Amino acid sequence: MVLAASTHEGEEAIIAQAFRAAVHDPSEALLIVAPRHPGRSGTLRDELAAASRAAREPPVGSVYLADTLGELGLFYRLPMWW
């Protein structure tokens, strides 16, 4: 699991690409992206979908967009081994 918290415009695509490159077992991978400004979630969904796959390949791992205020504390409390 990777948590990218309080991200700014442009950072998410870089994070998603790095995540994709690092994933060895897609069935056990999870990227959680919590943007600094949740209002960007509509555009961000499309960017993350595009960055999570290479041309003609299925998405790698799961990506969760945390776009609700107050949600981040939950992710900070998740065990590191999850």
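In what order do the three strands of the open sheet lie, and is their pairing parallel or antiparallel? In this predicted model, the order is S1-S2-S3 and the pairing is parallel. Strand S1, residues 2-7, and strand S3, residues 62-65, form the edges of the sheet, each pairing on one side only. On average, neighbouring strands are turned by 15° against each other when direction is ignored. Strands of a sheet pair through backbone hydrogen bonds, in either a parallel or an antiparallel manner. Between S1 and strand S2, which spans residues 30-35, the parallel pairing comprises five bridges. Within this pairing, Ala4 has Val33 of S2 as its bridge partner.

Confidence was examined for the chain and for its elements. The mean pLDDT of the chain is 81, and 83% of the residues score at least 70. Among the elements, S1 has the highest mean pLDDT, at 93, whereas helix H2, residues 41-51, has the lowest, at 80. Where pLDDT is low, predicted coordinates should not be read in detail.

A search for aromatic pairs across the whole structure returned one. The pair consists of Tyr64 and Phe75, whose ring centres are 5.6 Å apart. An angle of 55° separates the two planes, and the pair is classed as tilted.

The largest pocket holds about 160 Å³ of space. Its lining includes Ser6, Ala34, Pro35, Arg36 and Pro38. Also among the lining residues are Ala66, Asp67, Thr68, Leu69, Gly70, Glu71 and Leu72. By class, six of the lining residues are nonpolar, three are polar and three are charged.

Methods
Residues are numbered from 1 along each chain as its sequence is written. This is a predicted model: local features need pLDDT of at least 70, side-chain atom pairs count only at pLDDT 80 or more; totals for chains, interfaces and linings use all residues. Side-chain values use heavy atoms; hydrogens and water are left out. Two strands pair if DSSP finds at least two bridges between them. Helices (H or I, at least four residues) and strands (E, at least two) are DSSP runs, numbered from the N terminus. Axes are lines fitted to C-alpha atoms, for helices over the stretch in contact, and angles run from 0 to 180 degrees between N-to-C directions. On a 1 Å grid over the protein atoms alone, a cavity is a set of points where a 1.4 Å probe fits but cannot get out, and a pocket is an open set with protein on both sides within 12 Å along at least five of seven lines; lining residues have an atom within 4 Å of a point. Grid points are joined across faces, edges and corners, and a volume is the space filled by probe spheres set on the points. Ala, Val, Leu, Ile, Met, Phe, Trp, Tyr, Cys and Pro count as nonpolar, Asp, Glu, Lys and Arg as charged, and the others, Gly among them, as polar. pLDDT is the predictor's confidence in each residue, from 0 to 100. Rings of Phe, Tyr and Trp (its six-membered ring) pair if their centres lie within 6.5 Å; planes under 30 degrees apart count as stacked, over 60 as edge-to-face and the rest as tilted.
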